[in-house]
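Thanks for making the time this morning.

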Amino acid sequence: MTEPRARAARHKGQLNFEKELRGLLFAHGDDEDPLPETVRVLDEITTDFIIETCHAASRHATLNGRQKVKLEDFKFVVRKDNRLLGRMMELIGMEKELKEARKGFNTDEGKVGLERSSGTKKRRRTMKTGEKEEDGEGGDDAEEGDDGMEDQMFGHLTSTAG
């Protein structure tokens with residue numbers, strides 16, 4: 001990176017990645033409880049690297065006439081470090097795969113079924129008492145003219161209740 005920036009006073013004594021760095025040091029053969037000075041120095045190096053990379057990406061976005069930093073700006077900044085760029089591309093690919101997998105699980109079928117079943121219970125309760133229920137939520141309330149259709153669909157549930 002270019003010239004190091006002075007750390008802001010509010011971040012001077014704060015460790016941002018202490019837990020992760022302790023685990024990383026232990027995984028690479030250091031003691032289970034590494035020296036606090038070692039963790040502090042590695043934390044400073046890591047934090048400075050992240051700050052410098054973000055500033056460089058911001059500078060690249062500004063030179064391209066944008067106010068927002070995009071992923072392409074970070075790719076441009078790390079383009080000379082093949083290992084870092086490769087890892088970045090791998091993580092981006094994994095993120096896309098996870099996003100696609102989540103789309104498969106985020107269906108509205110379960111939500112619709114739950115809403116319909118709670119509405120059925122309300123209707124069963126109103127059928128018992130003979131009162132008209134006014135919810136005010138607007139989700140399960142039947143509009144005028146829809147009662148016949150709902151009676152056809154859910155009539156078997158309410159007829160056995162009484």
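What volume does the second largest pocket have? In this model, which is a predicted one, the second largest pocket comes to about 390 Å³.

As for who lines that pocket, the residues include Phe 49, Ile 50, Thr 53 and Cys 54, and Leu 84, Arg 87, Met 88, Leu 91 and Ile 92 also belong to the lining, together with Phe 74 and Val 78. Helix H2, residues 36-63, and helix H4, residues 82-105, each supply at least two residues of this lining, and H4 gives the most, with five residues.

Turning to the rings, the count of aromatic pairs comes to zero, although the charged end of Arg 79 does sit over the ring of Phe 76, at 3.9 Å from its centre.

Now to confidence: the mean pLDDT of the protein chain is 76, with 58% of its residues reaching 70 or more. Over residues 133-146 pLDDT stays under 50, and the model has 15 contacts beyond four places in sequence for them; over residues 152-162 it likewise stays under 50, with ten such contacts. Where pLDDT is low, predicted coordinates should not be read in detail.

Conventions. Residues are numbered from 1 along each chain as its sequence is written. This is a predicted model: local features need pLDDT of at least 70, side-chain atom pairs count only at pLDDT 80 or more; totals for chains, interfaces and linings use all residues. Side-chain values use heavy atoms; hydrogens and water are left out. pLDDT is the predictor's confidence in each residue, from 0 to 100. Contact means heavy atoms within 4.5 Å. On a 1 Å grid over the protein atoms alone, a cavity is a set of points where a 1.4 Å probe fits but cannot get out, and a pocket is an open set with protein on both sides within 12 Å along at least five of seven lines; lining residues have an atom within 4 Å of a point. Grid points are joined across faces, edges and corners, and a volume is the space filled by probe spheres set on the points. Helices (H or I, at least four residues) and strands (E, at least two) are DSSP runs, numbered from the N terminus. Rings of Phe, Tyr and Trp (its six-membered ring) pair if their centres lie within 6.5 Å; planes under 30 degrees apart count as stacked, over 60 as edge-to-face and the rest as tilted. A charge sits over a ring if NZ of Lys or CZ of Arg is within 6 Å of the ring centre and within 35 degrees of the ring normal.
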